Amino acid sequence: MADPSDAPPWATLLIRLDATTSAGPDGGIAFDKLESIGTLLALDDDVTGVETRDPTAAGCDAETPELVVYTHPDALERLQQRALDLAQAADVAIGCERAVHCGEAWRDVWKRFYEPMVFGNPPGPGSLLLRPSWIARRPGDPERELVLDPGRAFGTGLHATTRLCLERLCTLADAGVTATTMLDLGCGSGILALAAARLFDGLHRIVAIDFDAEASATALENAELNGLHERMEVHTGTLADLPANQQFDLVTANIRTEVLVPIATHLRQRITPGGRAILSGILEEEIATVAQAYAAARFETDHDLEGGEREMGIWRALDLRNPEDAR
Ligand SMILES: C[S@@+](CC[C@H](N)C(=O)[O-])C[C@H]1O[C@@H](n2cnc3c(N)ncnc32)[C@H](O)[C@@H]1O
């Protein structure tokens with residue numbers, strides 16, 4: 001058997017939220033920012049996993065919110081600088097500690113922090129289990145499941161902007177809303193397209209598109225791993241690259257505001273009359289701008305089934321509809 005001490009050393013970068021900030025009135029916002037920094041760091045090629053430690057979570061012994069970034073020793077200095085730059089851009093105070101570890105055990109230690117997640121209300125038809133491949137199903141888990149391992153285009157578990165979209169997909173599926181065609185714009189790992197494929201049995205054409213070739217490759221891999229590739233087309237590109245005559249009953253777009261605003265009219269033209277859009281990736285202070293741009297493009301707010309403007313921390317999502325009489 002190989003001697004564990006022969007394994008290459010591994011490294012961790014501990015990123016801690018400043019104690020005064022986390023205890024202050026803006027502590028929640030600062031934690032959201034820290035999580036977003038973790039999501040961005042997880043996209044780095046040298047990062048194998050990111051653990052989020054929330055002191056308010058059961059069993060967590062951290063005193064302030066922390067991220068642990070798992071990497072290799074050569075990348076530590078660069079990642080620390082990247083973390084500090086991201087924190088400065090987000091206007092949040094952090095401290096960093098670097099450590100190098102020996103032994104094989106460290107290699108996969110981050111996996112311990114990925115928990116299966118359940119969306120919707122089990123056992124309803126709109127409930128979905130999301131689990132990494134190394135965790136088996138448990139009794140009572142929703143029948144519909146996606147197996148997704150964290151990778152470069154997935155990040156650390158799930159960001160609030162993704163959760164907002166997943167929750168809405170579950171609500172719609174639970175209520176028996178039907179759709180036959182779907183577009184996932186800015187698909188990343190493909191999680192939203194894959195979730196919709198699992199939740200809506202009638203979806204027969206699902207188009208997932210991302211301008212990042214690594215993301216679209218990951219989305220295709222995930223579709224194959226989940227046996228959903230035959231219902232999914234994956235493209236590298238933007239909205240403008242899709243054939244002009246393609247329309248969809250359901251669109252998810254978890255992208256940033258600066259991408260969402262200029263495409264409002266083009267996006268509506270891609271949605272069938274009465275079709276629905278779920279927009280996410282919008283910050284609290286940006287929601288009015290996005291809502292105005294989409295109202296000007298003749299979208300209606302989808303107040304059906306508790307939709308409309310939804311929030312999670314500093315993030316907002318908008319549920320919209322193309323009017324039934326749209327042309
Ligand atoms: C916040 S991630 C969302 C990923 C995934 N849909 C989710 O909900 O977790 C946004 C994705 O949009 C992609 N993206 C950004 N701007 C884009 C554009 N103009 N056209 C296509 N994809 C874009 C990025 O590469 C990234 O993968």
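**Notebook: cores and overall form**

I looked up the largest nonpolar core first: among its 33 residues, Leu169 and Phe200 touch the most other members. A nonpolar core is a set of buried Ala, Val, Leu, Ile, Met, Phe, Trp, Tyr and Cys residues joined through side-chain atoms within 4.5 Å; buried means under 20% relative accessible area with a 1.4 Å probe, protein chains only.

I then noted the elements that give two or more residues to this core: strand S6 (128–131), helix H4 (160–174), helix H5 (191–199), strand S9 (205–210) and helix H6 (213–225). H5 gives the most, with 8 residues. Helices (H or I, at least four residues) and strands (E, at least two) are DSSP runs, numbered from the N terminus.

The model is predicted: local features need pLDDT of at least 70, side-chain atom pairs count only at pLDDT 80 or more, and totals for chains, interfaces and linings use all residues. Residues are numbered from 1 along each chain as its sequence is written, and side-chain values use heavy atoms, with hydrogens and water left out.

For Leu169, I left aside neighbours within four places in sequence and found contacts (heavy atoms within 4.5 Å) with Leu192, Ala195, Ala196, Leu199, Phe200, Leu250, Thr252 and Ile278. Another core, of 26 residues, lies apart from the largest one and includes Ile209, Leu242, Ile271 and Tyr294.

Turning to the whole protein, I recorded 9 helices and 15 strands. I also noted that 52% of the 327 residues count as buried. Of the contacts with a separation of 6 or more, 70% join residues 24 or more positions apart. The C-alpha atoms fill a box of roughly 65 × 45 × 35 Å along the principal axes.

Terms used. Buried means under 20% relative accessible area, exposed over 50%, partly exposed in between (1.4 Å probe, protein chains only).
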